Every structure is written in C-alpha cells, then in structure tokens.
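Please read the points below with the model open.

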Amino acid sequence: MDKVIVLIEGYAGAGRNGSYIASPSTVLIESNKKNILVDPGAVSKKRLFAALRKNKVSSAEIDFIFLSHYHPDHFLNIKYFVGLDVYDAGTLWKGDREYFYKGKVPGTEVRILATPGHSSEHCSLLVNTDKGVVCVAADVFWWEDGKQKSDKAEDLLKLKDPFATDEKALLKSRKLLLKEADWIIPGHGKMFKNPMK
C-alpha cells in the first residue's frame with residue numbers, strides 16, 4: 001500500500017496591512033519506493049524542511065515534485081529542490097525537456113484525475129492506502145481558515161470558490177472526487193472523510 005503524509009496543512013486568509021496569506025496542503029506520497037512531494041507551497045523554507053525532518057525524510061530523499069496546478073502559492077518553494085524532475089497532470093519536466101504521459105504518475109501507483117474548474121489545468125491525485133483511497137484534491141476543495149464545512153456533501157458541492165475559472169467544471173470535478181475518494185486533502189484546510197462514503 002502507498003502512504004500519504006500531510007507535511008503542512010494548507011491555510012488561507014487575511015494577513016496584516018491588507019495582505020492575503022496562503023499556502024496549500026503540502027503532501028508527501030510514498031509509492032513504489034519513490035518519495036513524491038506534492039505542491040511544495042509558499043511556507044518558509046525552515047517550516048517545510050522541519051516538516052520533512054519530522055517525518056524522517058531529507059530533501060535529498062525526494063525523488064520528484066508534483067504540481068496540481070500553476071497558482072504561485074502552490075509552487076513557490078520549488079526553488080528549494082533544484083535539479084528535481086517536475087510532474088503535472090500529463091507532463092514530466094526534465095530541465096527544458098518535456099515528456100508526456102497519461103493516467104498514473106510514472107513509476108508509481110498514484111492515479112491522476114483531471115479536475116478543472118479552479119484552474120483549467122488543475123488535477124488531483126488518488127492514492128490507495130491502508131485507510132482507503134486518499135485524494136490529494138488541491139483546490140477542488142479549499143477554505144479560508146475557520147470556515148471549513150465538510151460534514152455534508154451538499155455543503156461541499158455548493159462551496160464558493162472566488163478564484164474559480166469555470167464553476168460548472170468545478171462542480172463536475174467535485175462530484176467526481178466525492179465518488180472516488182474515501183478521504184480528501186483540500187488545498188487549504190484539514191483532511192476530511194468523504195461524507196458520501
């Protein structure tokens with residue numbers, strides 16, 4: 001079975017002096033003896049590397065980075081992993097070379113689902129674990145701090161996303177994830193059990 005570890009629980013909300021503060025759920029997936037860092041986020045380097053150390057993983061043990069989509073709060077910390085390959089929904093980036101793939105993250109059992117709506121290129125990951133299917137949903141579901149509601153499917157489907165590029169596509173993506181996953185890790189907020197399971 002694969003393993004999923006939430007290294008940093010995503011957060012979002014108003015900051016000081018009119019700023020907005022956000023960094024996503026940063027997740028470590030272990031699959032087929034590979035360590036995949038998903039959405040390294042925008043937290044401080046100190047906090048990110050402390051979370052890796054706490055889980056007995058060094059930055060040198062990360063095999064590659066996976067990006068759910070291209071909003072800066074999800075990828076700014078990629079700068080701390082120089083030389084690593086980067087994967088997205090269907091492209092492997094090795095420096096300036098692009099390789100295309102479908103279905104699963106190459107070399108792993110991790111399934112990729114296209115989940116547009118928050119952004120057009122958005123994707124989510126499904127991981128079979130000993131506690132069931134865990135979905136790294138990124139911003140298919142997300143909340144500002146203190147506003148998470150995840151105990152009813154109706155609330156999850158009606159959740160407003162002020163940054164959505166296509167609300168109909170987002171609703172379809174949400175329905176897909178509620179059909180597929182036992183547990184959901186939102187882009188910003190606490191992991192929760194799928195209320196439809």
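1. Is F49 buried or exposed? F49 is buried, because its relative accessible area is 15%; buried means under 20% relative accessible area, exposed over 50%, and partly exposed in between, with a 1.4 Å probe and protein chains only. This is a predicted model, in which local features need pLDDT of at least 70 and side-chain atom pairs count only at pLDDT 80 or more, while totals for chains, interfaces and linings use all residues. Residues are numbered from 1 along each chain as its sequence is written, and side-chain values use heavy atoms, with hydrogens and water left out.

2. A search of the whole structure gives seven aromatic pairs. Rings of Phe, Tyr and Trp (its six-membered ring) pair if their centres lie within 6.5 Å; planes under 30 degrees apart count as stacked, over 60 as edge-to-face and the rest as tilted. F49 and Y80 are edge-to-face because their planes stand at 85 degrees, with the ring centres 6.3 Å apart. This pair links distant parts of the chain, 31 residues apart: F49 lies in helix 1 (residues 45-54), and Y80 in the loop between helix 2 (72-75) and strand 7 (85-87). Helices (H or I, at least four residues) and strands (E, at least two) are DSSP runs, numbered from the N terminus. Y80 is partly exposed, at a relative accessible area of 28%. Ring pairs join F49, Y80 and F81 in a cluster.

3. W143 and F192 form another edge-to-face pair, 5.7 Å centre to centre and with 80 degrees between the planes. W143 is in the loop between strand 12 (132-138) and helix 3 (153-158), and F192 is in strand 14 (residues 192-193), 49 residues apart. Both W143 and F192 are buried.

4. Which residue has its charged end over the ring of F49? That residue is K45, at 5.6 Å from the ring centre; a charge sits over a ring if NZ of Lys or CZ of Arg is within 6 Å of the ring centre and within 35 degrees of the ring normal. K45 is in helix 1 and is partly exposed, with a relative accessible area of 42%. The charged end of K193 sits over the ring of W183, 5.5 Å from its centre.

5. Helix 4 (residues 167-180) has 14 residues and spans 20 Å from its first C-alpha to its last, close to the 20 Å expected at 1.5 Å a residue; the expected span is 1.5 Å times one less than the number of residues. Its buried residues include L170, R174 and L177. The buried residues of helix 4 pack against strand 10 (111-114), strand 11 (123-129), strand 12, helix 3 and strand 13 (183-186), where contact means heavy atoms within 4.5 Å.

6. Strand 8 (residues 91-94) and strand 9 (residues 97-100) run antiparallel and are joined by four bridges; two strands pair if DSSP finds at least two bridges between them. They form a hairpin with two residues between them, and G95 in the turn has a positive phi of about 60 degrees. L92 stands opposite Y99 in strand 9.

7. An open sheet of five strands has the order 10-11-12-13-14, with mixed pairing. Strand 10 and strand 14 each have a single partner strand at the edges, so one side of each lacks a neighbour in the sheet. Strand 12 and strand 13 pair in the parallel sense over four bridges, and C135 has I184 in strand 13 as its bridge partner.
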